[in-house]
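Keep the structure open while you read.

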Amino acid sequence: MSISLWKHLIQGCETGLECVRTDVFNSVLYRASGDSPGILAFLLATLLNLATVPALNVTDCSPRQSIQKTYDLTKYLEHQLRSLAGPYLNYLGPPFNEPDFNPPRVNAAEKIPSATVDFELWRNLNDHLRLAENYRAYSHLLCYLQGIDSEVVRAELRRSLDHFCTSLQGLVISIAGVMTSLGYPLPPSLGSPARTRAANDFSKKMDDFWLLKELQTWLWRSAKDLNRLKKKVPPSVVAIRMDAQGF
């Protein structure tokens, strides 16, 4: 039986093992092609039965896939934020929706995690510290954003904020997954930040303005960090783990 036919049969099997990639199949088949037909038959039988053996799991040992998914989610959030920022700034009204409006950070805005850090200082942090800072920042930014969401009265804008909050919560979870896959401990919980009540309506709008601005900068920098981190991590490796369930 030709190698191409074996490959076709394996790819057509419903193993339910999405994390097993075609390039791994090709590599294994290539190495086995010089051996006896019995090895190929054993390989096919094993792959056909993996999905039916509950004690046998296929696990992606590399964090690269997790990093890629987190990067993709970050880019998606950048797109979402661009779509959200315009309507929300119009909701705040002038001068917040004016293109050249760039006020200083004041009042409660000082408590919003700032992405304004010296470039060389940030680059000199190791991967663990950068991921930990991202995890902390997005956890706090999410809390502040949920506070905004609860105060918005326009139904369409509120739906957009709800959707963005859900995506941002997914990013926090995804960053935690990257840290775990790299063997890094998660930073200790700092609790939910209490949003200080603004002295007046203008101050409240100023806080909201700076929240959106910091979100934009954090997402931009996170995408760059994750892209660099992805290049450091070796390609995905597939490993078979046998649990102690009858083996």
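Predicted model: local features only at pLDDT ≥ 70, side-chain atom pairs only at ≥ 80, totals over all residues.

The structure holds 8 aromatic pairs. A search of the whole structure finds 0 disulfides.

- In soluble globular proteins, nonpolar side chains tend to be buried together.

**Tyr-138**

- Tyr-138 sits in helix α6.
- Its relative accessible area is 0%, so Tyr-138 counts as buried.
- Beyond its neighbours within four places in sequence, Tyr-138 is in contact with Leu-168, Leu-171, Val-172 and Ile-175, and also with Trp-218, Leu-219 and Ser-222.
- Tyr-138 and Gln-169 are 31 residues apart along the chain, and their C-alpha atoms are separated by 8.1 Å.
- A polar atom of the Tyr-138 side chain lies 2.9 Å from the backbone oxygen of Trp-218.

**Aromatic cluster**

- Ring pairs link Phe-96, Phe-101, Phe-202, Phe-209 and Trp-210 into a cluster.
- A pair of aromatic rings is described by the distance of the centres and the angle of the planes.
- Phe-96 and Phe-101 form an edge-to-face pair, at 5.2 Å centre to centre and with 85° between the planes.
- Phe-96 is buried, at 2% relative accessibility.
- Phe-101 is buried too, with a relative accessible area of 18%; the cut-off for buried is under 20%.
- The rings of Phe-96 and Phe-202 have their centres 5.2 Å apart, and their planes are at 45°, so this pair is tilted.
- Phe-96 lies in the loop between α4 and α5 while Phe-202 lies in helix α8, so the pair ties together parts that are 106 residues apart in sequence.
- Phe-202 is partly exposed, with a relative accessible area of 42%.

**A cis peptide bond**

- Which form does the peptide bond from Pro-94 to Pro-95 take? The bond is cis, with omega near 5°.
- Pro-95 is placed in the loop between α4 and α5 (119-123).

**Arginine over tryptophan rings**

- Arg-221 lies over the face of Trp-122, at 3.6 Å from the ring centre.
- Arg-221 also lies over the face of Trp-218, where the distance to the ring centre is 4.6 Å.

**Cysteines**

- A disulfide needs the two sulfur atoms within 2.5 Å.
- Is Cys-165 buried or exposed? Cys-165 is buried, with a relative accessible area of 6%.
- Cys-143 is partly exposed, at 27% relative accessibility.

- Tyr-91 lies in helix α4. Tyr-91 is partly exposed, with a relative accessible area of 23%.
- Tyr-91 and Val-152 are 61 residues apart in sequence, yet 9.2 Å apart in space, C-alpha to C-alpha.
- Which residues does Tyr-91 contact, leaving aside its neighbours within four places in sequence? They are Glu-151, Val-152, Val-153, Arg-154 and Leu-157.
- Glu-78 also lies in helix α4. Glu-78 is buried, with a relative accessible area of 12%.
- Not counting residues up to four places away in sequence, Glu-78 touches Leu-219, Trp-220 and Ala-223.

Notes
Residues numbered from 1 in each chain as written. Heavy atoms only, no water. Buried < 20%, exposed > 50% of the residue type's maximum accessible area, 1.4 Å probe, protein only. Contact = heavy atoms within 4.5 Å. Helix = DSSP H or I, 4+ residues; strand = E, 2+ residues; numbered from the N terminus. Phe/Tyr/Trp six-rings, centres within 6.5 Å; stacked < 30°, edge-to-face > 60°. Lys NZ or Arg CZ within 6 Å of the ring centre and 35° of its normal. Polar contact = N/O pair within 3.5 Å; in protein donor to acceptor, adjacent residues only side chain to side chain.
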